Amino acid sequence: MDDAAIAKKWEPYRHPQPKDSPPELVIAPAIPTDERVWVPLEPNVDFRPLLLSASAGYWTNLLRVRKSGVLSRHRHPQPVHGFVLKGEWRYLEHDWIAREGGYVYEAPGETHTLVVDAHVPEMITFFQVNGAMIYVDPDGKNTGYDDVFTRIDKCRAHYAAIGLGADYVDRFIR
Ligand code: FE
């Protein structure tokens, strides 16, 4: 490749982005240094919002579970993608363990219970959750749900209570 061809490759796109395309979102560091950014979900379980896609009905977040934490049994109507950043976790319903550096696909229709065992001080996993998490009892009876809107509400309530301000969540919403 000659110099002109290389120079051409480095030329940026010259036109505006589509006017209806939402602004991009860059969060650094994704693992926050400010503990207040973590939103409590249940004992020993917190999430850190990254993208709260109100327009497309999904969210991406970091899930943090500490020592002997359990994320309530839930069913997924749509797929979930996960990437383990730290520690390890497993589902009570499966015999594999998700370890640091691992990728996990959760299929639509799955019902499972995420646990972090006592020997793991902390796990952090990136998840993209589409649609909803439907919380269920061991027989599959619905006990509640989360979707991007309930997650936004939880963020708003937490950030108001902790002094960051309810509108702190707005930066994550598209
Ligand atoms: Fe799940």
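In the predicted model, strand S4 and strand S11 (residues 132–136) pair in the antiparallel sense through two bridges. The bridge partner of His-74 in S11 is Tyr-135. S4, which spans residues 70–75, is also joined to strand S9 (residues 111–115) by four bridges, and these two strands run antiparallel. On the S9 side, His-74 has His-112 as its bridge partner.

An open sheet is built from six strands in the order S1-S2-S3-S10-S5-S8, with antiparallel pairing. Its edges are formed by S1 and strand S8 (103–106), each of which pairs on one side only. On average, and with direction ignored, neighbouring strands of the sheet are turned by 30° against each other. Within the sheet, S3 and S10 run antiparallel and are joined by nine bridges. Arg-64 stands opposite Ile-124 of S10. Helix H2 lies across S1, S2 and S3, and runs at about 120° to S2.

The largest nonpolar core comprises 31 residues, and those with the most contacts inside it are Leu-52, Leu-63, Trp-89, Leu-114, Met-123 and Tyr-159. Elements that contribute two or more residues to this core include strand S2 (45–53), strand S3 (58–66), strand S10 (122–130) and helix H2 (148–162). H2 supplies the largest share, four residues. Beyond its neighbours within four places in sequence, Leu-63 is in contact with residues including Leu-114 and Met-123. Other contacts of Leu-63 include Trp-38, Leu-41, Phe-47, Leu-71 and Phe-127.

Terms used
Residues are numbered from 1 along each chain as its sequence is written. This is a predicted model: local features need pLDDT of at least 70, side-chain atom pairs count only at pLDDT 80 or more; totals for chains, interfaces and linings use all residues. Side-chain values use heavy atoms; hydrogens and water are left out. Two strands pair if DSSP finds at least two bridges between them. A nonpolar core is a set of buried Ala, Val, Leu, Ile, Met, Phe, Trp, Tyr and Cys residues joined through side-chain atoms within 4.5 Å. Buried means under 20% relative accessible area, exposed over 50%, partly exposed in between (1.4 Å probe, protein chains only). Contact means heavy atoms within 4.5 Å. Axes are lines fitted to C-alpha atoms, for helices over the stretch in contact, and angles run from 0 to 180 degrees between N-to-C directions.
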